[in-house]
Amino acid sequence: YLTAAKRAEGFLAAHLCRGNYVMVSYRDGKQGAAGFLDDYAFYIFALLELYGAAMSGRYLEMARSLTEAALTNFTHGAGGFSLSGKENEQLVFSPRETYDGAIPSGNSVMAHNLVRLYALTGEERYGDLAKEQLTALSAEAAQYPAGYCFYLLALARYLHPPRHTTAVLQTETDRELLKGRFGADEDLTVLERPTQAYPLLEGKTTFYICEDGSCRPPVNKLFE
C-alpha cells in the first residue's frame with residue numbers, strides 16, 4: 001500500500017504540479033486549469049500522511065510549500081479560505097465553503113493540515129494560523145456541529161494533541177526500524193541528523209517523546 005501511495009503521489013508531483021501550483025487535471029500530456037482550494041487541501045493532507053508512513057522529509061517539505069501557496073492564493077478576507085484563488089478565473093463573488101458533507105470542505109481539511117504542521121515542525125506560525133482557521137469556522141460549526149465533523153476532528157487534535165515523538169537518526173538504516181511503530185493518532189517528526197535542541201544520546205538513534213504537555217527524558221529505544 002505504501003508503494004502504491006508513493007507511486008500515486010509521484011504522478012501528482014510530475015503531472016499535476018507547476019512549481020508550487022496545483023493543476024486541476026492532466027490528460028494527453030497537457031495540464032488543465034489552476035486547481036482550487038480543495039485540490040491543495042487534500043494533496044497537503046495526503047503528503048502529511050505519506051510523511052508519517054514513509055518518514056521522508058521530501059513529503060513534509062512539499063506539504064509546507066503547497067501550504068504557503070494556498071495561504072497566498074486562497075486567503076479569504078472574512079477569514080478562512082476561498083474556494084477559488086488568484087490563479088483561477090476571477091468571479092464576481094468569491095465563495096467560501098465550510099460545510100463537511102460526504103467529502104470534507106477544503107477549509108476543514110486546511111484546518112487539520114495547519115494543526116498537523118504545527119505539531120510536526122513546532123513552528124509557532126503554524127500554530128497561530130491553525131488557531132485563526134479554527135476560530136474563523138467556529139461560529140458556523142457551533143450552529144450545526146453535525147455538518148462540521150472534519151472541522152471538529154481538527155479542533156480536537158488542536159485542543160488535545162496526541163503523543164509526539166521526535167526521532168533523531170544516527171544512521172539512515174535506522175529509519176526502516178521506525179516503520180509501522182506509530183499509529184494515526186500519533187505525531188512523528190524524523191530528524192536525519194542531530195541538532196542543538198535534539199542531540200543523540202550515547203551516539204545512537206534517539207527518541208524524544210512528549211505527551212500531555214510534558215516530555216520524557218530522551219531514550220534510545222521506543223517504549224513498548
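**A tour of salt bridges and a sheet**

Select Arg216 and Glu211: these two form a salt bridge, with their closest N and O atoms 3.6 Å apart. (A salt bridge here is a side-chain nitrogen of Lys or Arg within 4 Å of a carboxyl oxygen of Asp or Glu.) You're looking at a predicted model, where local features need pLDDT of at least 70 and side-chain atom pairs count only at pLDDT 80 or more, while totals for chains, interfaces and linings use all residues. Residues are numbered from 1 along each chain as its sequence is written, and side-chain values use heavy atoms, leaving out hydrogens and water.

Next, show the sheet: four strands in the order E6-E5-E7-E8, open, with mixed pairing. (Strands are DSSP runs of E, at least two residues, and helices are runs of H or I, at least four, numbered from the N terminus; two strands pair if DSSP finds at least two bridges between them.) At the edges sit E6 (187-191) and E8 (214-215), each pairing on one side only. Colour E5 (residues 164-168): five bridges join it to E6, and the two run parallel.

Now pick Asp187 in E6, which stands opposite His164. What does the side chain of Asp187 meet in a salt bridge? It's Arg116, at 3.2 Å, N to O. Arg116 lies in helix H4 and Asp187 in strand E6, so the pair ties together parts 71 residues apart in sequence. Asp187 counts as buried at 3% relative accessibility, and so does Arg116 at 6%. (Buried means under 20% relative accessible area, exposed over 50%, partly exposed in between, using a 1.4 Å probe and protein chains only.)
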